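Visitor: I'm new to this structure. Could you walk me through how to read a few of its features?

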Amino acid sequence: LCVMVLSAAQALNTVDLALIRLLSTLDRRQLIIFVNRIDELERPAEQVAEIKGFLDSTLARHGVGSVTHVVFGSAKWAEAALAGSPGDLPEASQAALLDWARVADVPRDPDPTKAIWHLSGMPALMRAISDRVSEG
């Protein structure tokens, strides 16, 4: 099992592509891509779909094919949720969080800290890892 972490602003640079080519011998279910730092995007609600499309087309062009799990999130949001300090996030990060909350397929929670935790992508990443491990 391999979890590859990419930056939303620089998804799939040449080093990333070289590593993915090496990993292409793995069963595609054994590769999970976590696209981090969506908190730095101005409009994650729109840009995440664009990045996903770019990833899919680039991987296909390089003979890797589609990856079963691509998770988008923000370690900064996860940290704020775990610390219980979402108000300490920079203004731009808060704006990105609200934008992402409009479209993200995550459980809704009235507790802002729990909602941010889900929006951070960490639960989805942990679920993807758990699924791969339990499948063999």
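Visitor: Where is Arg 37 found?

Guide: This is a predicted model, and in it Arg 37 sits in the loop between strand E2 (31-36) and H2.

Visitor: What is the phi of Arg 37?

Guide: Start with the general idea: most residues other than glycine have a negative phi. Arg 37 has a phi near 70°, a positive value in a residue other than glycine.

Visitor: Does Arg 37 count as buried, partly exposed or exposed?

Guide: The label "partly exposed" covers what lies between under 20% (buried) and over 50% (exposed). Arg 37 has 38% relative accessibility, so it counts as partly exposed.

Visitor: At what angle do helix H2 and helix H4 pack?

Guide: Angles of 65 to 115 degrees count as roughly perpendicular. Helix H2 (residues 44-61) and helix H4 (residues 91-101) pack at about 70°, with axes 8 Å apart, and H2 and H4 are therefore roughly perpendicular to each other.

Visitor: Which residues meet there?

Guide: From H2 come Pro 44, Ala 45 and Val 48, which meet Ala 96, Asp 99 and Trp 100 of H4. By class, that contact has five nonpolar residues, one charged and no polar ones.

Visitor: How much space lies in the largest pocket?

Guide: Rolling a probe the size of a water molecule over the atoms shows where empty space is left. Here the largest pocket holds about 370 Å³. Its lining has 19 residues, with Val 71, Asp 105, Val 106, Ala 124 and Arg 127 nearest the centre.

Visitor: Which element supplies the largest share of that lining?

Guide: H6, with five residues. By class, the lining splits into 13 nonpolar, three polar and three charged residues.

Technical notes: Residues numbered from 1 in each chain as written. Predicted model: local features only at pLDDT ≥ 70, side-chain atom pairs only at ≥ 80, totals over all residues. Heavy atoms only, no water. Axes fitted to C-alpha atoms, helices over the stretch in contact; angles between N-to-C directions. Helix = DSSP H or I, 4+ residues; strand = E, 2+ residues; numbered from the N terminus. Parallel < 35°, antiparallel > 145°, perpendicular 65-115°, else oblique. Contact = heavy atoms within 4.5 Å. Nonpolar A, V, L, I, M, F, W, Y, C, P; charged D, E, K, R; others polar. Buried < 20%, exposed > 50% of the residue type's maximum accessible area, 1.4 Å probe, protein only. 1 Å grid on protein atoms, 1.4 Å probe; cavity = no way out; pocket = protein on both sides within 12 Å on 5 of 7 lines; lining within 4 Å. Points joined across faces, edges and corners; volume = space filled by probe spheres on them.
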